[in-house]
Amino acid sequence: MPPIISVSNLTKSYASGTPALNDVSLDIEQGEILALLGPNGAGKTTLISIICGLVTSTSGKVTVGGQDIVTDFRAARRMIGLVPQDIALEPFETVIRTTRLSRGLFGEPRDDAYIEKVLRSLSLWDKRNSPTRELSGGMKRRVLIAKALSHGPRVLFLDEPSAGVDVELRREMWQLVRDLRAQGVTIILTTHYIEEAEEMADRIAIINKGRILLVQDKADLMRKLGRKQLRLDLQKPLEIVPRSLIQYGLKRSQDGRALIYDYDTQAERTGITRLIADLAAEGIAVRDLDSSQSSLEQVFLELVDEDSA
């Protein structure tokens, strides 16, 4: 099956000469959740804006469902729903009229049953006749999602959807995204909440300085780049790490009651057995061991740091 979105050699430079995107190529598969991660100014919003037809690229090509976003703009844009970062709603318009209007802007006929389904899925039906100015920030963000879904898009862009949203609502939104994916909608998510990407995404794309550093299945990425950390709780506090153990790069806890050892899960040997033996040779008794896998956040920071070096 061909990708639902295909980005080829996309570049964008602004009048100041600042490059926002540098030869970006990316294929997004039908029905997946792709998390696009990157620091502020990395090019995430520029990339989304070009795909959605809001910004013109300097060079390159983008197709959505096989339709070119320049030569077949209307057909391509009709397949896309966009939830922007900023909350911009008509304050005196009701929720249901705002959602209906968005559907009409895409040339779709009035369908009250479909609009009701969208609003109910977002827990907005009881607020359907409320002016948007009366809604909380979390509810307003739900209205943005309703507007983006009003015309039944095949692709949904969520640009920082959880910004300013409490934990409970964030988890409700995660479930909504999963439900949409189950219905065949492709989701592209940008977020500053790494746990959001770790929780929901099928694949991770990392962008920095306008370049795609990596696109990979989330589980494969964690196995490939993830590291493990071994915490060794000691029988007695340790004031300093002996010189004979410096080779292990051990970190001493603030109270001296534990040592932290980082090791590569992909290495042929972890060095743990030798470490335990060397600790015993130094008369350091270990009371307990605990290992943990590095998080996506650590992997992300390592990649960005390497690219910035």
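## Ser123 and its loop

Ser123 is partly exposed, with a relative accessible area of 45%. Partly exposed lies between buried (under 20% relative accessible area) and exposed (over 50%), using a 1.4 Å probe and protein chains only. Ser123 sits in the loop between α4 and α5. Helices (H or I, at least four residues) and strands (E, at least two) are DSSP runs, numbered from the N terminus. Ser123 is not a glycine, yet its phi is positive, about 55 degrees. Most residues other than glycine have a negative phi.

This is a predicted model, in which local features need pLDDT of at least 70, side-chain atom pairs count only at pLDDT 80 or more, and totals for chains, interfaces and linings use all residues. Residues are numbered from 1 along each chain as its sequence is written, and side-chain values use heavy atoms, with hydrogens and water left out.

Lys209 lies between β9 (203-208) and β10 (211-217), in the loop. Lys209 counts as partly exposed, at 48% relative accessibility.

Gln254 is found in the loop between β12 (251-252) and β13 (258-264). Is Gln254 buried or exposed? Gln254 is exposed, with a relative accessible area of 82%. Gln254 and Leu238 are 16 residues apart in sequence. In space, the C-alpha atoms of Gln254 and Leu238 are 10.0 Å apart.

## Helix α6

Helix α6 covers residues 167-182, which makes 16 residues. At 1.5 Å a residue, α6 should span 22 Å. The expected span is 1.5 Å times one less than the number of residues. The end C-alpha atoms of α6 are 23 Å apart, which agrees.

Which residues of α6 are buried? They are Leu169, Arg170, Met173, Trp174, Leu176, Val177 and Leu180. These residues cover an arc of only 165 degrees around the axis, so they lie on the same side of α6. The arc is that of the directions from the helix axis to the C-beta atoms. The face turned away from the buried side carries the exposed residues Val167, Glu168 and Ala182.

The buried residues of α6 pack against β3 (33-37), α4 (112-121), α5 (137-149), β7 (155-159), β8 (186-190) and α7 (194-200). Contact here means heavy atoms within 4.5 Å. After α6 comes Gly184, with a positive phi near 95 degrees.

## The largest pocket

The largest pocket has a volume of about 370 Å³. Its lining has 20 residues, and the closest to its centre are Ser121, Leu149, Leu176, Leu180 and Gln183. A pocket is an open set of points on a 1 Å grid over the protein atoms alone, where a 1.4 Å probe fits, with protein on both sides within 12 Å along at least five of seven lines; lining residues have an atom within 4 Å of a point. Volume is the space filled by probe spheres set on the points, which are joined across faces, edges and corners.

Which helix gives the most to this lining? Helix α6 does, with 7 residues. α4, α5 and α6 each supply at least two residues. By class, the lining has 10 nonpolar, 6 polar and 4 charged residues. Ala, Val, Leu, Ile, Met, Phe, Trp, Tyr, Cys and Pro count as nonpolar, Asp, Glu, Lys and Arg as charged, and the others, Gly among them, as polar.

## The second largest pocket

The second largest pocket holds about 280 Å³ of space. Of its 13 lining residues, Arg77, Leu82, Ser102, Phe106 and Lys147 are the closest to its centre. β6 (80-83), α3 (95-105) and α5 give two or more residues each to this lining.
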